[in-house]
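Morning, everyone. Let me put today's model on the screen, and then we'll walk through its charged pairs and its nonpolar packing.

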Amino acid sequence: MRRYPHEEFSDEEKKKSVAILKELKEARKEEPTNLRDHLQAFNDGVIAIIITIIVLEIQPAIHEVHYQEFISNIVVFLITFFIIADFWYDLHLSFSYYILKPTKIVAILDFILLADLALFPVMTKWIMAEVSTFAVVNFGIVFLIAKIVEILTQYFGAKETVKDSQLMKIIITRSFIRRAFVGLLTNIGLIILSLFIPRLAMILYLVIPLISFIFPTPNQIGDPRNELHRH
């Protein structure tokens with residue numbers, strides 16, 4: 001392989017090389033910020049498409065006999081809509097407050113979360129066709145996976161942001177362990193309830209995101225400062 005001795009090039013060419021290397025170095029510094037902006041835009045776009053696909057699954061009531069089914073489908077759509085909207089809002093808070101310099105791991109987890117959320121139109125169509133135990137249980141499993149991946153995305157994003165503070169690392173870890181434990185128990189409980197009363201489970205899948213959105217807990221990802229005051 002041919003080598004290019006540094007001495008063979010003019011001073012002007014050397015200056016150009018130094019300037020380019022400096023630009024590349026600056027670009028590497030800005031890469032996490034650019035990735036954060038692109039992830040936020042990508043999240044917005046994908047989630048908007050998911051919600052659009054879900055609403056397109058609603059079939060109009062051509063005849064009066066189909067009107068009850070039409071209303072039922074709208075209810076199922078609203079449940080899924082608020083679930084997806086709650087995920088979007090959580091991601092908005094995460095990228096606004098804690099995921100300031102996302103790593104590749106955060107990006108991969110974010111993609112997995114979006115891929116899981118993209119299954120909701122299929123799950124919603126399934127439930128619109130028949131509110132059966134099997135359909136609601138599978139809906140719950142997709143919801144559970146999304147919650148787990150969301151928590152992992154937030155955790156690794158926040159961990160990178162507070163990497164220089166040992167105290168904040170401890171606080172963030174404890175906060176996420178608690179949230180993961182509560183979320184896991186709640187969703188497993190809903191899946192079990194789906195085996196016996198699937199319609200009630202579907203209603204609770206709507207109630208929980210609404211409560212989370214309207215009455216956020218103090219130790220949610222958006223505001224762990226209350227826990228910091230305890231220390």
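Which residue forms a salt bridge with Glu160? Lys163 does, with the closest N and O atoms 3.1 Å apart. Keep in mind that this is a predicted model. Glu160 is partly exposed, at 27% relative accessibility. Lys163 is partly exposed too, at 45%.

Now the count. There are 4 salt bridges in the structure. Let's go to Lys147.

Lys147 pairs with Asp86, and the closest N and O atoms there are 3.9 Å apart. Look at where the two partners sit. Asp86 is in helix 2, residues 67-97, and Lys147 is in helix 5, residues 133-161, so this pair ties together parts 61 residues apart in sequence.

Are these two buried or exposed? Asp86 is buried, at 6% relative accessible area. Lys147 is buried as well, at 17%. The cut-off for buried is under 20%.

Lys147 also meets Asp90 in a salt bridge, 3.7 Å from N to O. Again we go from helix 2 to helix 5: Asp90 lies in the former and Lys147 in the latter, so the pair ties together parts 57 residues apart in sequence. Asp90 counts as buried, with a relative accessibility of 2%.

Salt bridges link Asp86, Asp90, Lys147 and Glu150.

On to the nonpolar side. The largest nonpolar core has 41 residues. Which of them touch the most other members? They are Ile83, Ile84, Leu117, Phe120, Phe139 and Tyr205.

Where does this core draw its residues from? Two or more come from each of these: helix 1 (11-56), helix 2, helix 3 (104-117), helix 4 (120-129), helix 5, helix 6 (166-196) and helix 7 (198-214). Helix 5 gives the most, with 9 residues.

Zoom in on Leu117. Leaving out residues up to four places away in sequence, Leu117 touches Ile47, Ile50, Ile84, Phe87 and Ala146. Ile84 is also on that list of residues touching the most other core members.

There is another core, apart from the largest one. That other core has 9 residues, among them Tyr98, Tyr155, Met168 and Ile171.

To recap. We have a salt-bridge network of Asp86, Asp90, Lys147 and Glu150. We have a largest nonpolar core of 41 residues, and another of 9 lying apart from it. Over to you for discussion.

Note on methods: Residues numbered from 1 in each chain as written. Predicted model: local features only at pLDDT ≥ 70, side-chain atom pairs only at ≥ 80, totals over all residues. Heavy atoms only, no water. Salt bridge = Lys/Arg side-chain N within 4 Å of Asp/Glu carboxyl O. Helix = DSSP H or I, 4+ residues; strand = E, 2+ residues; numbered from the N terminus. Buried < 20%, exposed > 50% of the residue type's maximum accessible area, 1.4 Å probe, protein only. Core = buried A, V, L, I, M, F, W, Y, C linked by side-chain atoms within 4.5 Å. Contact = heavy atoms within 4.5 Å.
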